[in-house]
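Welcome! Please take a moment with the sequence and the 3D view below, and then we can walk through them together.

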Amino acid sequence: MTKKPDGSSTSSAGDNGRLSGKRVVVTGAGSGIGRATSMRLIDEGAIVLGVDRDHGGLEGTASLVREAGFDGGNFSFAVGSILDEAFLKETFEKFAAAAGGLDVLVNLAGILRLSKVEDTSLAAFLEIVTVNLGGTFLVSKEAMSLLEASQGCIINAASTSALFGHPYVGSYAASKGGIISLTKAMAWEFMRRGVRVNAVAPGAIATPMQSGPSGFPAGADFSLFDHLTLPGGAEGRAEHVAGVIAMLASEDGRHINGEVIRIDGGLHS
């Protein structure tokens, strides 16, 4: 049995899983969806390199991997910024040399801050767009030649905020809308070269990013959130998103390309 990040258990697929031997890089692996995804992919047999700026967070993920009964060969990590091209180049080169290549890239690193559009500076807007959209672009760019060699795939992190009206997340929504457009463009550009590119669009998911942004802006109109609550206040878990990512990374997702899969419990149906 394997212990999942939420404390529950599942039978370990290990070497017999649908991702057995797949070589995967997950950005944002130090917490939230990135951590849950790393754990799920390892449980299905993958060899995962986690990338994050948070060294302590990555250590925490590594500790969970060990607690789940996997050895150090299943998970390694690299501490650095997804905007540092030299770091990315070195990281991919080292991982590919050690693992023999790269099969899957999961772009989950990102930032979220709440603010009113009229109170958001251009610098603050561009910071979020640069990290979320620019980071996804840079990481994908550095990984593409390796993914083409393995006929692999990319899974990006979009958001329902890019698809529907969510207040006070204009910068974040713009960055995620850009990720959707980038996903579709890359899917078509690399289709004949054998690389699939898809995205997941989570809604309200219980993660540190969702629960710990820099607070609501002064004078926030909370009635604007009335349409963004599921009956009973149900909230998704990071493991729900990780399961969809695992499917897209596997042969079960082989015929899915250029798609954005909404994961929100039906909130925006």
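Which residue stands opposite R23 in β4? The residue there is I47. Before going further, please note that this is a predicted model, in which local features need pLDDT of at least 70, side-chain atom pairs count only at pLDDT 80 or more, and totals for chains, interfaces and linings use all residues. Residues are numbered from 1 along each chain as its sequence is written, and side-chain values use heavy atoms, with hydrogens and water left out.

**The overall picture**

The protein has seven helices and eleven strands; these are DSSP runs numbered from the N terminus, with helices being H or I of at least four residues and strands E of at least two. There are 269 residues in the protein, and 51% of them are buried. Here buried means under 20% relative accessible area, exposed means over 50%, and partly exposed lies in between, with a 1.4 Å probe and protein chains only. A contact means heavy atoms within 4.5 Å. Among contacts with a separation of 6 or more, 76% are between residues 24 or more positions apart.

**Two buried strands**

Let us return to β3. Five of the five residues of β3 are buried, so the strand is largely enclosed by the rest of the structure. In a regular strand the side chains alternate between the two faces of the sheet. In β3, R23, V25 and T27 point one way, while V24 and V26 point the other way. Strand β4 (residues 47-52) runs parallel to β3, and five bridges join them; strands pair if DSSP finds at least two bridges between them.

Strand β7 (residues 153-157) is also mostly covered, with five of its five residues buried. C153, I155 and A157 lie on one side of β7, and I154 and N156 on the other. Strand β6 (residues 104-107) runs parallel to β7 and is joined to it by four bridges. Within this pairing, V104 stands opposite C153.

**Two cavities**

The structure holds two cavities of 30 Å³ or more. A cavity is a set of points, on a 1 Å grid over the protein atoms alone, where a 1.4 Å probe fits but cannot get out, and its lining residues have an atom within 4 Å of a point. Grid points are joined across faces, edges and corners, and a volume is the space filled by probe spheres set on the points. For the lining classes, Ala, Val, Leu, Ile, Met, Phe, Trp, Tyr, Cys and Pro count as nonpolar, Asp, Glu, Lys and Arg as charged, and the others, Gly among them, as polar.

The largest cavity has a volume of about 50 Å³. Among the residues that line it are V104 and C153, along with Q151 and R196. Its lining has three nonpolar, three polar and five charged residues.

The second largest cavity holds about 30 Å³ of space. V25 and T27 are among its lining residues, as are V51 and T91. Helix α3 (85-99) gives the most to this lining, with four residues. By class, the lining has six nonpolar, two polar and no charged residues.

**A closer look at single residues**

T91 is found in helix α3, and S171 in helix α5 (residues 170-189). Leaving aside residues up to four places away in sequence, T91 touches L49, V51 and A78. With neighbours within four places likewise set aside, S171 is in contact with T120, F125, I128 and V129. The C-alpha atoms of S171 and A124 are 8.2 Å apart, although the two residues are 47 residues apart in sequence.

Here are some accessibility values to compare with the view:

| Residue | Relative accessibility | Class |
|---|---|---|
| T91 | 11% | buried |
| S171 | 8% | buried |
| Q151 | 40% | partly exposed |
| Y168 | 13% | buried |

Most residues other than glycine have a negative phi, and most peptide bonds are trans. Q151, in the loop between α4 (122-150) and β7, has a positive phi of about 55°. Y168, in the loop between β7 and α5, has a positive phi of about 70°.

Key:
On a 1 Å grid over the protein atoms alone, a cavity is a set of points where a 1.4 Å probe fits but cannot get out, and a pocket is an open set with protein on both sides within 12 Å along at least five of seven lines; lining residues have an atom within 4 Å of a point.
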